[in-house]
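Thanks for coming. Let's take a quick look at one structure and how it packs.

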Amino acid sequence: MKLLKDILYGVHLTAVSGTTSCDIASICFDSRQVQKNDVFVAIKGTLTDGHKYIDAVVKAGARAVICEELPDTMQDEVTYVEVENGNQALAVMASNYYGNPSKNLKLVGVTGTNGKTTVSSLLYQLFKKAGYKVGLLSTIKIMIDDAEYPTKHTTPDALVINKYLEMMNEAGVEYCFMEVSSHGIHQKRTEGLVFEGAIFTNLSHDHLDYHKTFAEYRDTKKKLFDQLSKSAFALTNIDDKNGLVMLQNTKARKFTYALKNYADYRAQILENQFDGQLLKIDEHELWTKLIGHFNAYNMLAIFATADLLGLQKLETLRLISELDNVDGRFQYFISKNRITAIVDYAHTPDALKNVLETINTLRTGNENVITVVGCGGDRDRSKRPVMGNIAADMSNKVILTSDNPRTESPTEIIAEMEAGVEPQHFKKILSIENREQAIKTACQLANDNDIILVAGKGHETYQETNGVRVDFDDFKIVKEVLNNLDK
């Protein structure tokens, strides 16, 4: 049990009815989970409003209710607290409830459209190799040193974040690297956290179904940097035109990285091959297994972050050369017939373009590039025709297929992708709604030495349709099909 007044420390209160010197068992924002002596936080979400369930949680035994609007009828034995913002209140309360665990380790947030998972995951790998106890909060998984936990969101809710950070404290974790999404920032899930630093990777077309405008999307990312303290560091990619925007109002120490412009940390690509690339960082040559100019930026961000956190530069360069690719990020397999299959999470126009540019840079020109790609349902529709055209323009053959259709019609999603394809590319396009069949068809069309790109789902091991998830692993399927064709 914890006192409500202690849990509320730092929350912006506008009114209180009842005592805050009462014991609280736990915090809930899902009315279905409320039990006796819990505090319920009413959140105005995109699908429902928690204020509708205040009476129900009181009947279930809630000791206190946190809300943006006090109900007309209030029970004498229940404490009601009115706050400015329910999401902000939940995040600060969660941090207080778990003992402000982010203060007890060095937490680094990574934000941007592309590269968040790679940068955060590889920083976890690097610091583990350097001998530290490390935590990871990512799209792919949550790690507490060697223990792995599943995750469903890029930035989990505030209660989950602080619960795992507390577990990291108990495990003696010294560093934690965390993906921070624009949704998470907008919904204030990171409020109350103390960041040692933040990294900006890049910004391109994504999530405009949620943020409505690109400016709003950019400014949401910027809030992570606005909230940093003077002792923290802010590291940004200034080759991206939005890079310096992130630094405009931050109190943190400012650092930049780039491949093209003058910056605090710079890199140069010397060689690029399918099995890796040779980089020059800090006047030292470095071989890395991760290929493509987008990964050159990722390696540079990792090097800069390690330096800012106090690791020795030469040791960091050695460890970077040992890093392995992240699942679903340019993950590739070469069959006996020398067909190269690449699986990548590229689900934005910029990411798809980056991957195809890398492939086209590395190919000899005698091979065909066959791209299998779809777009997720219930997400930004405006990127669908753009992605359809990029795939058609930069590939020899394209199979448009289903991604995670969710509650939308896969046929209609594919039609919106087709609508963006320019007439001269029509002959390149096939539409096969069943994703497994689309992958099999790509494998059957491929000749020796051809390259197959399966884009959009990457590390995901499921496909979601109308709220139901079924097992589906792009990499497993394409590898299995190609091995069977070899036989």
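Which residue just after H9 takes a positive phi? Gly310 does, at about 100 degrees.

Some ground rules. This is a predicted model: local features need pLDDT of at least 70, side-chain atom pairs count only at pLDDT 80 or more, and totals for chains, interfaces and linings use all residues. Residues are numbered from 1 along each chain as its sequence is written, and side-chain values use heavy atoms, with hydrogens and water left out.

Now H9 itself. Helices are DSSP runs of H or I, at least four residues, numbered from the N terminus. H9 has 16 residues and reaches 23 Å from first C-alpha to last. That is close to the expected 22 Å, taking 1.5 Å times one less than the number of residues. Of those 16 residues, 14 are buried, so H9 is largely enclosed by the rest of the structure. Buried means under 20% relative accessible area, with a 1.4 Å probe and protein chains only.

Last, cysteines. There are zero disulfides, meaning pairs of cysteine sulfur atoms within 2.5 Å. The sulfur of Cys22 is 14 Å from the closest cysteine sulfur, in Cys67, too far for a bond. Cys22 is buried, at 5% relative accessible area.

Technical notes
Helix = DSSP H or I, 4+ residues; strand = E, 2+ residues; numbered from the N terminus. Buried < 20%, exposed > 50% of the residue type's maximum accessible area, 1.4 Å probe, protein only.
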